[in-house]
Structure formats: structure tokens, C-alpha cells
Amino acid sequence: IDEKTGRKLLPQYPAVPWDRVKGTRDVITHGYSDVDVDVVFDICRNRLPELVGVVEKIRRDIADGPSS
């Protein structure tokens with residue numbers, strides 16, 4: 001989504017460390033043998049709820065359209 005929005009969407013939500021989120025996704029997707037299950041568990045338990053909240057806000061903001 002970052003590339004599709006010309007890298008303009010994610011910077012509007014700086015509470016999330018997007019580079020780390022994208023890096024984690026890359027490791028899970030492409031480097032399965034390098035995945036530290038304890039790190040993934042920690043992310044799911046302690047960080048995922050906040051990320052879900054931000055993603056829900058992004059979805060609402062997109063649905064509401066640009067502010068005037």
C-alpha cells in the first residue's frame with residue numbers, strides 16, 4: 001500500500017514503526033528459517049492490537065475521503 005500511495009499514506013500514521021513492520025513481514029515471508037518465534041509471539045501479544053487499531057483508523061480515513 002505504501003508504494004501504491006506514492007509513500008504518502010503511511011507517514012500520516014507515525015505511531016507505527018512502518019519500516020519495522022515491513023521488515024518483519026519480509027522476514028516472515030522470505031526468510032522462514034530466520035524467524036525468531038519468540039519475537040513473533042511478542043509482536044502478536046504486545047504490538048498487534050495497536051497495529052490493528054491504526055489499520056482500522058486508516059480504513060475509516062480512506063472511506064471518509066479527503067478532508068476539506
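Which helices each supply at least two residues of the lining of the largest pocket? In this predicted model, where residues are numbered from 1 along each chain as its sequence is written, local features need pLDDT of at least 70, side-chain atom pairs count only at pLDDT 80 or more, and totals for chains, interfaces and linings use all residues. Side-chain values use heavy atoms, with hydrogens and water left out.

The helices in question are α1 (18-30) and α2 (37-64); helices here are DSSP runs of H or I with at least four residues, numbered from the N terminus. A pocket is an open set of points on a 1 Å grid over the protein atoms alone, where a 1.4 Å probe fits, with protein on both sides within 12 Å along at least five of seven lines, and lining residues have an atom within 4 Å of a point. The largest pocket holds about 430 Å³ of space, a volume being the space filled by probe spheres set on grid points joined across faces, edges and corners. Its lining comprises 17 residues, and Pro17, Val21, Thr24, Ile43 and Arg47 lie nearest the centre. The greatest share comes from α2, with nine residues. By class, the lining has eleven nonpolar, one polar and five charged residues (Ala, Val, Leu, Ile, Met, Phe, Trp, Tyr, Cys and Pro are nonpolar, Asp, Glu, Lys and Arg charged, and the others, Gly among them, polar).

Turning to the second largest pocket, the volume is about 250 Å³. Ile1, Leu10, Trp18, Val21 and Val55 are the closest to its centre among 13 lining residues. Here too α2 gives the most, with five residues, and the lining has nine nonpolar, no polar and four charged residues.

How do the two helices meet? The axes of α1 and α2 come within 12 Å and cross at roughly 125°, with axes fitted to C-alpha atoms over the stretch in contact and angles running from 0 to 180 degrees between N-to-C directions. The pair is therefore oblique, a class for angles that are not under 35 degrees (roughly parallel), over 145 (roughly antiparallel) or 65 to 115 (roughly perpendicular). In α1, Trp18, Val21, Thr24 and Ile28 meet Val40, Ile43, Leu51, Val54 and Ile58 of α2, contact meaning heavy atoms within 4.5 Å. This contact has eight nonpolar residues, one polar and no charged.

Finally, arginine 7 lies in the segment before α1. Leaving aside neighbours within four places in sequence, arginine 7 is in contact with Asp2 and Lys22.
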